[in-house]
Amino acid sequence: MLATATAATLVGVDGHVVTVEVHTSSGLPSFTIVGLPDAACREARDRVRAAVLSSGFEWPPGRVTVNLAPSGLRKGGAVLDLAIAVAFLTVTEQLPAESLRGMAFVGELGLDGAIRSVVGVLPLADALRDRALVVAPEAYHVARAAGPREVYAVDTLACLVAVLSNRMPWPDPPPDPPAPPPVPVPDLRDVIGQPSARRAVEVAAAGGHHLLMLGPPGAGKTMLARRLIGLLPELSRQCAMEATRVQSAAGLPLPTGLATRPILRSPHHTATVAALVGGGTAAIRPGEISLAHRGVLFLDELGEFAPSVLDAMRQPLEEGVVQVSRASGSCSFPSRFLLVAAMNPCPCGQAGRPNSCRCSDLARQRYLRRLSGPLLDRFDLRIQVQPPDPDQLLDGTGGEPTTVVAARVAGARERAASRGVEANVELSGTQLEQFAPLTPAAHAALRERLRGGLLSGRGLHRVRCVALTLCDLAADEPLINAERLAEALSLRASVGKLYAPAAAA
Amino acid sequence: MNAGDPAGDERAELGALVELCSLPRMGPARIRALMGGGDALGAIEHLRRGREVMLAGLRACRGVDETLIAAWRRQVASAFDQAAASGQLVGAGLLDAHAQAGIWMTVPARTDAAEIWESDPEPPALLFGQGAAIDPAVRRVGVVGTRRCTAYGRTVAKQLGAGLAGAGVAVVSGLATGVDGIAQRAALDESGQVIGVVGSGLDQVYPASNRALWADVARHGTLLSEYPLGRRAAPWQFPARNRIVAALCEVLVVVESGPTGGSMYTVDAAAERDRPVMAVPGPITSVASVGTNRLLSEGCAPVCDVDDILAALGEPAGAHGSAASPAPPSCELDRQVLDELTAGPRTLDELTLRTGAGLAELASALGRLQLAGWAAETGGWWEKAR
């Protein structure tokens with residue numbers, strides 16, 4: 001006797017359709033699962049048997065063999081529990097065989113027969129989009145976001161069997177989650193003073209420019225980074241799908257189904273290469289840079305990260321995608337994120353002010369050497385953040401609130417979209433030439449800087465790009481004049497030359 | 001061994017001296033005490049045989065104890081064993097190694113520039129050098145200062161280095177980070193003469209960031225050290241190096257220095273040797289100028305220009321080198337910003353708060369000041385560069 005049911009398993013951030021075949025025959029009672037199951041998947045034996053029995057069904061004695069096809073694909077987790085159970089109930093004639101046609105089942109089983117949600121519902125549902133999908137009620141909204149033909153939320157195995165046997169209708173779907181608040185993060189109004197930092201955060205949000213904040217602990221770097229999220233516009237459907245896919249595959253909570261707001265990820269500086277770019281031995285999991293896809297990756301204490309970890313980010317930063325390869329296979333994860341980093345100018349941190357730091361030359365050089373030149377080059381905006389002036393802190397009123405700044409950012413993003421990119425940071429050199437012409441005065445100023453060695457060729461391109469974003473924020477002609485250029489340059493502190501050797505001074 | 005041959009004698013003497021110099025914690029004073037007016041060949045023999053009478057002078061030196069002498073004797077004995085095994089002079093291996101690295105050795109008192117060392121309280125026993133020998137006909141000025149110099153210090157060091165080079169004066173300094181290195185780099189850029197004195201073996205570049213400068217000084221100037229190949233930088237070797245800088249220069253100029261530090265040691269050493277010390281005045285608010293301003297109040301001559309140094313040397317002041325200051329800023333905001341920077345380094349935020357100007361205007365002003373050479377930026381901090 002043989003029956004099949006359809007389910008899916010997760011590889012990286014993609015779902016792959018799996019056909020669950022259950023065969024029973026007479027013989028000594030046994031239950032075997034074949035087809036490359038991992039440890040959690042093999043434990044399905046005990047969960048399925050207990051769930052079937054406690055839901056009031058029978059487990060006739062005999063040999064039970066479960067095959068998971070395609071057998072070359074490694075299957076992980078408890079995601080196939082539900083499909084194995086319904087296929088078993090069909091083969092033992094406790095469920096009509098035709099009821100499984102066109103259906104797919106994604107869920108873990110409890111010993112009491114409860115259906116539970118699994119990790120990666122969105123990519124799984126996406127892989128099964130041409131079928132009617134049965135999931136746990138918690139996973140309903142996420143599964144719907146993938147847009148399969150039909151999604152049914154069922155809470156127990158007994159209930160599912162009753163529905164499939166036409167003894168009752170499909171249960172009602174769970175109610176829609178409450179809408180997220182319009183400004184879900186702390187307000188920029190709380191930032192007092194610090195005009196250049198506020199400006200840099202606004203420019204970073206508008207142009208997608210990576211931002212490096214230098215300053216002593218307690219200057220408000222983390223505070224600024226948290227407020228940057230609120231300035232970013234809502235994700236487009238396409239971007240939201242990409243972001244939700246990764247977040248779902250990583251098992252992050254998705255209370256509203258689709259993640260429509262950009263996410264903020266702030267891994268601790270002890271993160272390993274695998275934690276940051278993705279990896280793992282049994283199953284390859286996305287790293288922080290992919291979790292932050294279409295959102296913000298905030299690296300506090302950048303100087304404390306291992307240099308190898310930081311350099312591993314360089315290629316994904318450039319390409320927006322990371323290919324993680326292991327012996328068990330390779331996965332590619334999206335990784336298009338806004339990088340915001342904060343660091344002290346030296347190990348003592350308290351004294352960024354020139355000539356007042358107490359660190360030894362060697363310690364300082366070693367600290368800065370952790371940032372490779374190529375990584376530093378990726379930061380279009382580098383600013384010095386000092387604690388706000390005490391007088392301002394005491395009697396100063398806050399600056400512009402998030403809503404006002406976010407409106408400007410949205411305007412700038414629209415202008416970028418009219419150039420065919422998400423944000424200005426993606427513009428190439430030739431596109432900049434086309435979209436952001438220089439005035440003669442700006443041209444002369446740039447030439448003088450290049451001659452004086454104050455700017456590199458690559459820096460020139462980045463400064464122009466930031467100047468274009470400044471134009472967009474002012475809702476101005478995209479013409480780069482000397483003043484815009486000067487402002488763009490002022491947002492680009494010369495880090496790393498801090499204690500340059502005499503030869504370069 | 002070819003006794004009686006004058007060249008051979010000299011080589012034997014040099015070999016013994018190199019061997020003595022490469023003993024750990026052996027300095028010129030201790031070598032002199034050991035030699036007791038005799039030669040190095042005799043001294044090393046005394047040490048090997050442990051002749052009590054001859055070692056008495058050495059024992060009188062501060063910090064020398066029996067364990068140290070025992071360690072020295074062991075090392076000397078093994079050097080003798082090696083020499084005997086290879087049938088060569090003592091120290092021949094070291095001599096060859098230095099010759100191979102292109103390093104020459106001189107006993108300071110026997111060079112053309114011997115008068116420099118004539119009345120020196122502590123002349124080096126042996127100097128290792130790369131590049132040209134010191135030409136006593138060329139005037140020499142020491143330009144020293146703190147490693148943690150400000151933008152102002154960098155500008156002045158550059159200006160003085162280039163100016164002295166233009167006037168045909170050799171720049172003597174310590175090849176360190178900061179003022180020392182900047183002044184010498186500027187002099188090299190003007191194809192001037194430079195004498196760099198370092199505090200480690202000539203193959204042990206310190207600080208490593210100055211590797212290129214180190215090589216350029218060896219190629220186009222004179223690179224000197226008191227230490228044999230392989231000797232690593234150690235804290236006590238830098239003050240010792242500074243006394244050589246002080247001895248080599250005819251006038252010492254301190255560009256920027258805190259109240260204490262290596263530059264102040266050089267000043268003391270220069271005073272001990274009757275070398276005139278001059279100082280560059282700096283803002284009284286700057287930590288990096290506390291030392292130089294104190295020197296001025298103690299009566300050192302101020303340096304406002306290369307011509308001041310040339311006058312101290314007795315050289316004619318010329319049109320050379322002394323770069324004219326840039327025109328003062330014309331715009332009101334630029335002047336206001338420059339006034340703010342006079343009081344010390346500022347961030348963009350502080351400047352916005354103090355001048356009340358917008359970010360864009362302020363950025364333009366700072367850009368103009370930077371291009372004109374009035375201001376410099378490092379890591380988001382703006383400093384007055386002049």
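**Domain contact and helix packing in chain A**

In the predicted model, 16 residues of domain 1 of chain A are in contact with 17 residues of domain 2 of chain A, two residues being in contact if their C-beta atoms, placed from the backbone, lie within 7 Å. On the side of domain 1 that touches domain 2, the elements giving two or more residues are strand S1 (2-11), helix H4 (121-127) and helix H5 (140-145) of chain A; helices (H or I, at least four residues) and strands (E, at least two) are DSSP runs, numbered from the N terminus. H5(A) supplies the largest share of this side, four residues. By residue class, this side of domain 1 holds nine nonpolar, four polar and three charged residues (Ala, Val, Leu, Ile, Met, Phe, Trp, Tyr, Cys and Pro count as nonpolar, Asp, Glu, Lys and Arg as charged, and the others, Gly among them, as polar).

Residues are numbered from 1 along each chain as its sequence is written, and chains are lettered from A and ligands numbered from 1 in the order in which they are written. As the model is predicted, local features need pLDDT of at least 70 and side-chain atom pairs count only at pLDDT 80 or more, while totals for chains, interfaces and linings use all residues.

Domain 1 of chain A covers 2-164 and domain 2 covers 188-490, with bounds from an automatic or database domain assignment. Their centres, taken over C-alpha atoms, are 43 Å apart.

Arg227(A), Gly230(A) and Leu231(A) in H8(A) meet Thr402(A), Val405(A), Ala406(A) and Val409(A) in H17(A). Four nonpolar residues, two polar and one charged make up this contact of H8(A) with H17(A).
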